[in-house]
Amino acid sequence: MLEFNKGKDGEVIRIRDLYKSFGDLKVLDGVSLDVYDRENFVVLGRSGTGKSVLIKLISGLLTPDSGSVKVFGHEVSALNKYELMELRLQIGFSFQNSALYDSMSVRENLEFPLEHNARHLTRKQMKQSVEAVLDAVGLLQTINQMPSELSGGQRKRIGIARTLIIRPKIMLYDEPTSGLDPITSMEINNLINEVRERFNTTSIIITHDLTCAKTTGDKVAMLSNGKFIKQGTFEEVFKDNDERIKQFYEYKFID
Amino acid sequence: MSAKSPRKFLISKKVDAFFSDITSASIFTLRFFKEVFRPPYEFREVIKQCYQVGYRSLFLIALTGFITGIVFTKQSRPSLSEFGAQSWLPSLVAIAIIRALAPLVTALICSGKVGSNMGAELGSMKVTEQIDAMEVSSINPYKFLVVTRVLATTIMIPVLMCFTGFVAMMGAYLNVHANEQTSMTTFFIAAFDKISFLDVFSSLVKSIVYGFTIGMVGCYKGFNARNGTEGVGRAANSAVVLSMFLIFMEEILLVQVTNYLR
Ligand SMILES: Nc1ncnc2c1ncn2[C@@H]1O[C@H](COP(=O)(O)OP(=O)(O)OP(=O)(O)O)[C@@H](O)[C@H]1O
Ligand SMILES: [Mg+2]
C-alpha cells in the first residue's frame with residue numbers, strides 16, 4: 001500500500017527537469033514545478049505548448065523522456081501497475097473535452113468509477129454519492145440525460161463531478177473554461193474554488209483564460225517553448241516585462 | 001530519442017512499420033489470455049455485448065442464410081439431375097451448408113456488421129479520450145472494453161452459426177419441397193445421413209476462431225485509432241478488411257486440418 005502524504009515542505013507534486021518529445025517535436029524542455037498542499041496552481045500558455053502533455057505525465061498517461069515527476073513523494077514512472085492504479089485514485093483528471101462516456105447516461109457515467117473502485121458500496125450508498133456530487137456541481141436535474149444531450153458547460157461540470165466522486169486529493173483541470181461564455185466560465189471558476197474548500201484538493205488548472213487564472217490561481221506559471229518563463233502570483237507574473245507575457249495579456253483585452 | 005539523430009530503419013520505413021504493427025497486434029492479442037482469467041470479471045458487460053452482437057446481426061444473418069439455402073439448392077439441382085442423382089440433393093446441400101457455408105456466411109456478415117461497429121465505437125472512444133479517462137480513474141480499459149467484446153463474439157458467432165445453418169437448411173428444404181414434393185422428415189433424414197460428428201465439431205471450432213478474430217481485430221483497430229474522426233472511419237473500415245482476410249486464411253488452414261483428421 002502506498003502512502004499519500006505531503007512532503008516536508010508541504011509539497012504534493014514536485015517536478016524536476018522534465019523533458020518530453022514526440023519524435024522530432026520537443027514539447028517539454030526542462031520543466032520544474034512544486035505544487036503545495038491545497039494550492040491552486042495555474043499553468044498558462046499558448047495552444048500546443050504542451051500543457052496537456054504536462055498533466056498527462058503527472059497522471060502517468062505518458063512517460064517522460066527524462067526528469068522526475070513525484071506525486072506524494074512517489075516517482076510516477078517507477079510505480080508498478082497496481083501502485084499506479086492506487087495513485088490514480090488520488091488524482092482527478094478533468095479532460096479538455098470532458099471525455100464523458102457517450103454510451104452511458106449521466107448517472108452511469110458517475111456510477112462507473114464507483115462500481116469499479118468502491119465495490120463494497122451498496123446500491124443505495126452509490127445512489128447517494130452520485131446525487132451528492134451532482135448536487136455539488138449543480139446539475140442534479142440532468143441525472144438521466146445522455147452526454148450528447150448536454151451543453152458544453154454542462155459536460156464540463158459533469159466531467160468534474162465524475163472525477164470528484166472518487167474523492168481525489170489532487171485535481172487536474174485541463175482547460176475547464178475553454179469554449180464557454182463568460183458567465184458559465186465564472187460559474188466553473190467558482191466551482192473550482194468551491195471544490196477546494198469542500199474536498200481540500202490540491203489542483204493544477206490549465207488554461208489560457210486570464211479571468212480563470214486570476215480567480216482560481218494562488219500561483220500562476222507561464223509555459224512557453226517547453227519551459228516555464230515565469231512563476232509567481234498572478235500580479236507578479238503579469239507585472240513582468242517579458243514580451244511573451246505582455247502579448248498574452250494585451251491581445252486578450254484588445255478593443 | 002534525441003531530435004537530431006536521423007531515424008534509422010532496419011529495412012525500409014514501410015516494411016519496418018509492417019513488422020512493428022504485427023508485433024503490437026500479437027502483444028495486444030496475447031494480453032487477452034492474460035487478462036481474461038484475472039478477476040474482477042465483467043459478467044454484466046459480457047452479457048450486454050453478447051446481446052449487442054446477436055441483436056445487431058440476427059436479421060441480416062437470417063435473411064442471408066435463408067437465401068443461401070434456396071439459391072445453393074436451386075443451382076445444384078441441374079448438375080445432379082444430369083446424372084440422375086437428384087435424390088442426393090438433400091445430403092449434398094447439407095454437407096455444403098454445415099461444413100462450409102454456415103460458418104463462412106456468419107463470419108463474413110458479422111465482420112461487416114459487428115467488427116466494423118467495434119472498430120468505430122472503440123475508435124471514437126479512443127480519439128475523444130474516453131479510454132484515457134477510464135485509465136486515469138483506475139479502470140483497466142482493456143479488461144472492460146476488449147476482453148468483454150472478444151468474449152462476446154467468441155461465444156455468439158458459434159451460436160449465430162447454428163442459427164444460420166438452421167435457416168439455410170429450411171431454405172433448402174422449401175426449395176426441395178417445392179420441386180420434388182419431399183416431406184420434411186424424408187428431407188432431413190436424407191440430409192443428415194452424410195453428416196458426421198466431425199463436420200459439426202469442426203464448424204463449431206471454426207466459428208469460435210472466426211468469432212475471436214472478429215472481436216480481436218475490431219478492438220485492436222479501434223484501440224489504435226488516431227487522428228480524430230477520420231481515424232475512426234479508417235479503424236472501422238480496416239477492421240472489416242483485415243478480419244475478412246484473416247477469416248479466409250483461417251478457413252484454408254482449418255479445412256486442411258479437418259481433412260487430415262477425416
Ligand atoms: N500522443 C502524442 N503523440 C504525438 N504528439 C503529441 C501527442 N500528444 C501531444 N502531442 C504534441 O505535443 C504538442 C503539445 O500538445 P498539448 O496537447 O500538450 O498542447 P496544449 O498546450 O494542451 O494545447 P491546447 O491549448 O491546444 O490544448 C502538440 O504539438 C501535439 O501535437
Ligand atoms: Mg491541451
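At a relative accessibility of 1%, B:P103 counts as buried (under 20% relative accessible area is buried, over 50% exposed and in between partly exposed, with a 1.4 Å probe and protein chains only). The model is a predicted one, in which local features need pLDDT of at least 70 and side-chain atom pairs count only at pLDDT 80 or more, while totals for chains, interfaces and linings use all residues. Residues are numbered from 1 along each chain as its sequence is written, chains are lettered from A and ligands numbered from 1 in the order in which they are written, and side-chain values use heavy atoms, with hydrogens and water left out.

B:P103 is a residue of helix α3 of chain B (helices are DSSP runs of H or I with at least four residues, strands are runs of E with at least two, and both are numbered from the N terminus). Leaving aside residues up to four places away in sequence, B:P103 touches B:I97, B:I98, B:M161, B:S203, B:S207 and B:Y210 (a contact means heavy atoms within 4.5 Å). The C-alpha atoms of B:P103 and B:K206 are 6.9 Å apart in space, although 103 residues separate the two in sequence.

Chain B as a whole contains eight helices and zero strands, and its pattern along the sequence reads α-α-α-α-α-α-α-α. Along the principal axes, its C-alpha atoms fill a box of roughly 80 × 45 × 35 Å. Of the 262 residues in chain B, 47% are buried. Among contacts in chain B with a separation of 6 or more, 83% are between residues 24 or more positions apart.

Two packed helices are described by the angle between their axes and the distance between the axes. In chain B, the axes of helix α3 (residues 89-127) and helix α5 (residues 141-180) come within 7 Å and cross at roughly 145° (axes are lines fitted to C-alpha atoms, for helices over the stretch in contact, with angles from 0 to 180 degrees between N-to-C directions).

A cis peptide bond, with omega about 0°, joins B:P39 and B:P40, and B:P40 lies in the loop between α1 (13-35) and α2 (43-82) of chain B. B:N227, in the loop between α7 (197-223) and α8 (228-261) of chain B, has a positive phi of about 60° although it is not a glycine. B:N227 is exposed, with a relative accessible area of 55%.

Turning to chain A, an open sheet of six strands with mixed pairing has the order β6-β7-β8-β3-β9-β10 (two strands pair if DSSP finds at least two bridges between them). Its edge strands are β6 and β10 (227-232) of chain A, each pairing on one side only. From one strand to the next, the twist averages 15°. Strand β3 (residues 40-45) of chain A runs parallel to strand β8 (residues 202-207) of chain A, joined by five bridges, and A:N40 has A:S203 in β8(A) as its bridge partner. Five bridges also pair β3(A) with β9(A) in the parallel sense; here A:V42 stands opposite A:V220 in β9(A). Six of the six residues of β3(A) are buried, with A:N40, A:V42 and A:L44 on one side and A:F41, A:V43 and A:G45 on the other.

Helix α1(A) lies across β3, β6, β7 (170-174), β8, β9 (219-224) and β10 of chain A, running at about 155° to β8(A). The magnesium ion (ligand 2) has A:S52 (OG) and A:Q96 (OE1) as its protein donors, 1.9 to 2.3 Å from it (donors are N, O and S atoms within 2.8 Å of the metal, or 3.2 Å for Na, K and Ca; water is not among the atoms, so sites may look incomplete). A:S52 belongs to helix α1 (residues 51-58) of chain A and A:Q96 to the loop between β6 (91-94) and α3 (106-117) of chain A, so the pair ties together parts that are 44 residues apart in sequence. A:Q96 is partly exposed, at 31% relative accessibility.
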